[in-house]
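Me: I have a new model open and want to learn how to read it. Where do I begin?

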Amino acid sequence: MEQRERDIGSQAERIRALNAELRIEAVTDKLTGLYNARFFWERIADCFEHHHRSGEPFTFAILDIDHFKRINDTYGHLGGDRVLARLAGILRADTRTDDVLARIGGEEFALIMHRISPEDACARLAQLRARLHRDPIRLNACTHIQVTVSIGYTVVGEQQPQPQFAPPRDPQEIVKRADDALYWIKANGRNGCIAWSELDPHYRKQRQTLLHCETRRSPCPSADNRHDGNTAHQPTLPCLGAHPQNPSTSASATNSADSND
Ligand SMILES: Nc1nc2c(ncn2[C@@H]2O[C@H](COP(=O)(O)OP(=O)(O)OP(=O)(O)O)[C@@H](O)[C@H]2O)c(=O)[nH]1
């Protein structure tokens, strides 16, 4: 009888360990080892709920590698994969225990920062962008690539007197705000970092109309058709660590600079 109980106990233990392994696998991005998009959406929903209950602010950022297609075109898909993994390592080294870092798209990373003031979050993101710009990523023994990122972010719960800064209604709106900021940086030279609250209100309105039209056209717009190329009402670039540069110099390699497009 005792032996039977021990067997059942160790089987239950094995099942628990297996379940834990499966759970880790289900929330992990295989290429980078970071959390995946599925986990990210669970957590941003949790953060949104928590913020509603506690009033604690948090910062959400999207980081997107600039001209990543050129890296793939120049170094092949495997080279691109290596850059993604190395960049993930750099981002991970920079995260605190409270942070949630995930890969949410091909070359797109999400960072949720808790228990950090908006000013500190902003400074951290600006430093991160600057460090990536400064330090080339090692692809192999003789190739180092300068990779730049664009960062859009939003502070949830920041005190803002202006009516246009109404609190986000759901997690999707939080992500959309950071994405709007990212889109702005992408359209204004890349290699920069900007908060949604700093976008010109006219630009935000224009984006909303644009997205609304796109949603009606297609329920799932691709990254390409999100870009309308219309820069007529874009604001001037604010400070916040933004260092616009000629896009053609981004994502260039220190030992073989030119890309194919
Ligand atoms: N190596 C590799 N490439 C990927 C992966 N997922 C997506 N991509 C590639 O990432 C590239 C993204 O290209 P775009 O969306 O045009 O973006 P971009 O070239 O970074 O341009 P901007 O974002 O506008 O600066 C595409 O070529 C995809 O094929 C992946 O897991 N590995």
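Reply: Begin with contacts: two residues are in contact if their C-beta atoms, placed from the backbone, lie within 7 Å. This is a predicted model. Residues 24 or more positions apart account for 75% of the contacts in the chain with a separation of 6 or more.

Me: How do I check a helix, taking α1 as the case?

Reply: Compare its length with its residue count. At 1.5 Å a residue, the 26 residues of α1 (residues 2–27) should span 38 Å. The end C-alpha atoms of α1 are 38 Å apart, which agrees.

Me: Now a strand. How many residues of β1 are buried?

Reply: In β1, 8 of 8 residues are buried, and the strand is mostly covered. Look at both faces. F58, F60, I62 and D64 point one way, while T59, A61, L63 and I65 point the other way, and all are buried.

Me: Which strands are joined to β1?

Reply: Look for bridges. β1 and β6 (residues 149–156) run antiparallel and are joined by 8 bridges. In that pairing, F58 stands opposite V156. β1 also runs antiparallel to β3 (residues 108–113), with 6 bridges between them. There, T59 stands opposite M113.

Me: What should I expect of nonpolar side chains?

Reply: In soluble globular proteins, they tend to be buried together. Here the largest nonpolar core has 54 residues. F60, A61, A102, I112, I151, A178 and A181 touch the most other members.

Me: Take F60. What does F60 touch beyond its sequence neighbours?

Reply: Leave out residues up to four places away in sequence. F60 then touches I44, I112, Y153, T154, V156, I174 and A178. Among these, I112 and A178 are also in the group that touches the most other core members.

Me: How do I read the surroundings of the ligand?

Reply: List the shell, then sort it by element and by class. The ligand is surrounded by 17 residues, and the closest are D66, F68, K69, G80 and G106. β1 (58–65) and α3 (68–94) are the elements that give two or more residues to this shell. α3 gives the most, with 7 residues. By class, the shell has 5 nonpolar, 5 polar and 7 charged residues.

Me: Where are R190 and N191, and are they buried or exposed?

Reply: R190 is in the loop between α5 (171–187) and β7 (193–195). N191 lies in the loop between α5 and β7. With 24 other C-beta atoms within 10 Å, R190 is buried. N191 has 28 such atoms within 10 Å, so N191 is buried too.

Definitions and conventions:
Residues numbered from 1 in each chain as written. Predicted model: local features only at pLDDT ≥ 70, side-chain atom pairs only at ≥ 80, totals over all residues. Helix = DSSP H or I, 4+ residues; strand = E, 2+ residues; numbered from the N terminus. Buried ≥ 20, exposed ≤ 12 C-beta atoms within 10 Å, placed from the backbone. Near = placed C-beta within 6 Å. Nonpolar A, V, L, I, M, F, W, Y, C, P; charged D, E, K, R; others polar. Core = buried A, V, L, I, M, F, W, Y, C linked by C-beta atoms within 7 Å. Pairing = 2+ DSSP bridges. Expected span 1.5 Å × (residues − 1).
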